[in-house]
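Student: Let's go through this structure together. Can we start with the charged pairs?

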Amino acid sequence: MQAAVLAAWMLLPSGCWSNKEIETQSLQIAVALDLPHPTKVERGLDAVNPDRHARDYITNTFQLIIPGQVGKIGGSTSEELSTRPYRNISQTGESVFGNVRELAKRISTPPLGHHLKVIIISDALAKRYDIASFLDFYFRDNDIRLSPLILISRGEAGKTLESDSQTDIPGFQIPETVRNRFRSNKILPPVQSYELLSMLRSKKSFLLQTVVKSDSELEYRGAAIVKGESGKIAGYLSDQELEAASWIRGGNRRGGVLKLGRNLSNVPIDLEIGSIQSSIAAKESNGRFHFLVDVEGDGEIMEDWRQTAVGKYSDAYYRGMERKLEEEVKQNIESLLDQLQSRYHADPLEFHETVRRRMPRTWKKVQEHWDEHFSAADVEVRVRIHLAGHGASELS
């Protein structure tokens, strides 16, 4: 009888015996990685109990949300909240994993990485070390998903996780900005950690979005060029160069503004890009590569300060505008390619993919030193732009 009762009791549904209340947890949503710079708190702790054997390589800044405080945001104004819904805490040490474990000595609830949204790397750190080395922990740890967005900070990465607002949480807001790609051709497609791991292992050059922080504002601005052979930052693209890169990459992407004013007059003339498509053809002769970049786009004039009256422009006017736009885009693309080939000696725009897919035997011979072959290649650029609409203005 007792055995039957015990068996029945074991079949009854039950909760998780090892569960923990979320209010007692530290949920890590963002991390910034910098060259070592111990905080005032860390220096104070070291002064009391110095560790003379420590060698500092890296500083981690963890952004931890406070679940109980986050729940108050919806029903309170910023003035009513006495504390922010998150906490930033930095740890300096020999390794990322070591910093995580050292943090367990300072806070009662060590950070959980299940909900990590973004990893921000300082450009100084990525210039000194191969990115794969200091991200190795995040690629290996089973508790951290391979989905965090990867960004490069121009300047101290830890500063990007600071905000003057009582309600804004940078670890949520920073990665959400990438959703605005349909409005700007200065925002790269998001690179998540699993994609970055593949890029690093391929030993091919690539781009990572950079962010800059000024006072309390953070902005996506330009991109970092990561060299395939070294895994380190070799240089940067400006916003204008990143726009040119978006034309080469194509992908039927939408959104963004093309400014034409400086080639026609001293007043603004802006085109809203409807779509961009591109193709890259390749051929090889006597060890030298020749590429043809064919770009096609459409859009409409959204602002033209030269207008004196609405509705007084002909088809010929817009055809002439298309030629000027094509000239503008072609010049920008050629300027970008010159920088990549002569200054950085890197192919972060994936010209190598055309060779790999269409010339596989040739690719096997050149893949080990592809950046050198790309730097010596001849590149021809063709651009076609069609003004699909003219806003609310009517043609005469």
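Tutor: First the term: a salt bridge is a side-chain nitrogen of Lys or Arg within 4 Å of a carboxyl oxygen of Asp or Glu. The model is predicted, so local features need pLDDT of at least 70 and side-chain atom pairs count only at pLDDT 80 or more, while totals for chains, interfaces and linings use all residues. Residues are numbered from 1 along each chain as its sequence is written, and side-chain values use heavy atoms, with hydrogens and water left out.

Student: Which residues are linked in a network of salt bridges?

Tutor: Arg319, Glu322, Arg323 and Glu326.

Student: And how many salt bridges does a search of the whole structure find?

Tutor: The search gives 15.

Student: What does Asp123 pair with?

Tutor: Arg154, with N to O at 3.5 Å. Asp123 sits in helix α5 (residues 123-128) and Arg154 in the loop between β6 (149-153) and α8 (170-176), so the pair ties together parts 31 residues apart in sequence. Helices (H or I, at least four residues) and strands (E, at least two) are DSSP runs, numbered from the N terminus.

Student: Is Asp123 buried or exposed?

Tutor: Buried, at a relative accessible area of 10%. Arg154 is partly exposed, at 40%. The cut-offs: buried is under 20% relative accessible area, exposed is over 50%, partly exposed is in between (1.4 Å probe, protein chains only).

Student: What about Asp136?

Tutor: Asp136 bridges to Arg140, with the closest N and O atoms 2.5 Å apart. Both are in helix α7 (residues 136-140), 4 residues apart, so about one helical turn separates them. Asp136 is partly exposed at 31%. Arg140 is exposed at 61%.

Student: New topic. Which residues have the most contacts inside the largest nonpolar core?

Tutor: Trp247, Ile333, Phe351 and Trp370, in a core of 45 residues. Helix α12 (residues 315-344) gives the most to this core, with 9 residues. A nonpolar core here is a set of buried Ala, Val, Leu, Ile, Met, Phe, Trp, Tyr and Cys residues joined through side-chain atoms within 4.5 Å.

Student: What is Phe351 in contact with?

Tutor: Leaving aside neighbours within four places in sequence, the contacts of Phe351 include Ile248, Phe291, Leu337, Trp370 and Phe374. Contact means heavy atoms within 4.5 Å.

Student: What does the second, separate core include?

Tutor: Leu33, Phe62, Leu64 and Ile152 are among its 35 residues.

Student: Overall, how much of the protein chain counts as buried?

Tutor: 44% of its 396 residues. The secondary structure comes to 15 helices and 13 strands.
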